[in-house]
Amino acid sequence: MIQPDRGAGGASPDLTDETVDVSVLVIGAGAAGARTAIELVEQGIDPEDVLVIGKRAHGDAHATWARGGINGALGTHDPEDDPAIHAADTLKEGHFLNDPGKVEMVTRRMPRLLRELDDWGMAYSRTAEGDIDQRYFGAQSFRRTAFAGDHTGESLLDTLVAKAQSLSVPYRENVFISRVLTDDARIRFVHTVPDAPAVDIWAGDAALFENVAFRKTSSFATVDADAYDIDVRPAGADDSVLNLSEVAFDGATSYTVLATGMLGDDTLDAVLVADYVTTEADDRTVAP
Ligand SMILES: Cc1cc2nc3c(=O)[nH]c(=O)nc-3n(C[C@H](O)[C@H](O)[C@H](O)COP(=O)(O)OP(=O)(O)OC[C@H]3O[C@@H](n4cnc5c(N)ncnc54)[C@H](O)[C@@H]3O)c2cc1C
């Protein structure tokens, strides 16, 4: 469902909704989004089943700010360069925080991907022989950075957008995605009752978490959006110490159930906090 812009000067929004039915919605129209759309179509998806959305005008993405260039072990000037050395340089510069598998995959693919962009018309700076020129750039052992003058990112995005357009990939600009609605709800539990034992958490007939101890936060469990009886039981027991009946969980929403009060004086209760945090990246909780 798309709601058009407010228009100049923050005028009243035109609230006419538009329903767009596509199989694949690509959110983001920078280099990653454009390249994803190209891949989808090249893998056989009908372009009419794809829609690329960007919150700003087409071609206005961070990708256009990338000026230094793109790294890949082409070996234009330094034939001893190799994707394995590129990977080693990347891991070292990343202080070994980056994912080695992903680094290896990206560095191995980069020579082919740089040449692919060349085939699609990227305006690389060239050597006198007409090869893709490469220069030194931060943290690289060899001249490994391919570039297009001082406008590498702009040229890159232009190339990808032109390629996507040649494949008839539909694109909508100035559309801001504020929330992705799904039928899934995410639930986690925080044990904050000092005199209660470790607990199991049930939603209806399903055990969500086992053995969550005092001061621990469970991971998120995904359930269908619905209303559930939430049952808190001492770990391994059948009787509940706290039962919340018919708690409604909406889709595309994350819930944190916080136990409150004390078991000993009968003040045990719970607070439900709803948030729209929905990505794995936000899931920094401790597994039960
Ligand atoms: C100043 C600068 C210099 C850089 N120099 C280099 C360099 O020399 N070499 C290099 O490799 N990298 C460089 N980078 C990094 C590089 O630009 C980024 O890694 C790259 O552009 C990321 O591409 P992307 O497609 O993932 O994201 P982006 O290009 O940022 O695209 C994101 C897209 O998502 C859309 N979007 C975001 N939120 C929403 C929303 N809520 N709803 C709808 N649409 C949304 C945006 O409109 C945009 O279309 C530089 C970055 C900057 C800022």
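These legends walk through several close-up views of a predicted model. Residues are numbered from 1 along each chain as its sequence is written. Because this is a predicted model, local features need pLDDT of at least 70 and side-chain atom pairs count only at pLDDT 80 or more, while totals for chains, interfaces and linings use all residues.

**View 1. Confidence along the chain.** Let us begin with pLDDT, the predictor's confidence in each residue, from 0 to 100. The protein chain averages 89, and 90% of the residues score at least 70. Over residues 281–288 the pLDDT stays under 50, and the model has 18 contacts beyond four places in sequence for this stretch. Two residues are in contact if their C-beta atoms, placed from the backbone, lie within 7 Å.

**View 2. The shell around the ligand.** Here 23 residues surround the ligand, and the closest are Gly28, Gly30, His62, Ala66 and Gly68. A residue is near a molecule or strand if its C-beta atom, placed from the backbone, lies within 6 Å of it. Helix 1 (residues 31–42) gives the largest share of this shell, three residues. Helices (H or I, at least four residues) and strands (E, at least two) are DSSP runs, numbered from the N terminus. By class, the shell holds 12 nonpolar, eight polar and three charged residues. In this scheme Ala, Val, Leu, Ile, Met, Phe, Trp, Tyr, Cys and Pro are nonpolar, Asp, Glu, Lys and Arg are charged, and the others, Gly among them, are polar.

View 3. The open sheet has the order 1-2-6, with parallel pairing. Its edge strands, strand 1 (24–27) and strand 6 (171–172), each pair on one side only. Two strands pair if DSSP finds at least two bridges between them. Strand 1 is joined to strand 2 (residues 50–53) by four bridges, and Leu25 has Leu51 as its bridge partner in strand 2.

**View 4. The two sides of helix 2.** Within helix 2 (residues 83–93), His86, Ala87 and Asp89 are buried. These residues cover an arc of only 160° around the axis, which puts them on the same side of helix 2. The arc is that of the directions from the helix axis to the C-beta atoms. On the other side, Ala84 and Lys92 are exposed. A residue is buried if 20 or more other C-beta atoms lie within 10 Å of its own, exposed if 12 or fewer, and partly exposed in between, with C-beta atoms placed from the backbone. The buried residues of helix 2 pack against strand 3 (70–71) and helix 3 (100–119).

**View 5. Strand 8 and its two partners.** Four of the five residues of strand 8 (residues 199–203) are buried, so this strand is largely enclosed by the rest of the structure. Strand 8 pairs in the antiparallel sense with strand 9 (residues 206–212) over four bridges, and with strand 11 (residues 226–234) over five bridges, also antiparallel. Trp202 has Ala207 as its bridge partner in strand 9, while Asp200 has Arg233 in strand 11. The hairpin of strand 8 and strand 9 has two residues between the strands, and Gly204 takes a positive phi near 60° there.

View 6. Pro194 sits in the loop between strand 7 (184–190) and strand 8. Pro194 counts as exposed because it has 10 C-beta neighbours inside 10 Å. The C-alpha atoms of Pro194 and Leu263 are separated by 8.4 Å, although these residues are 69 residues apart along the chain.
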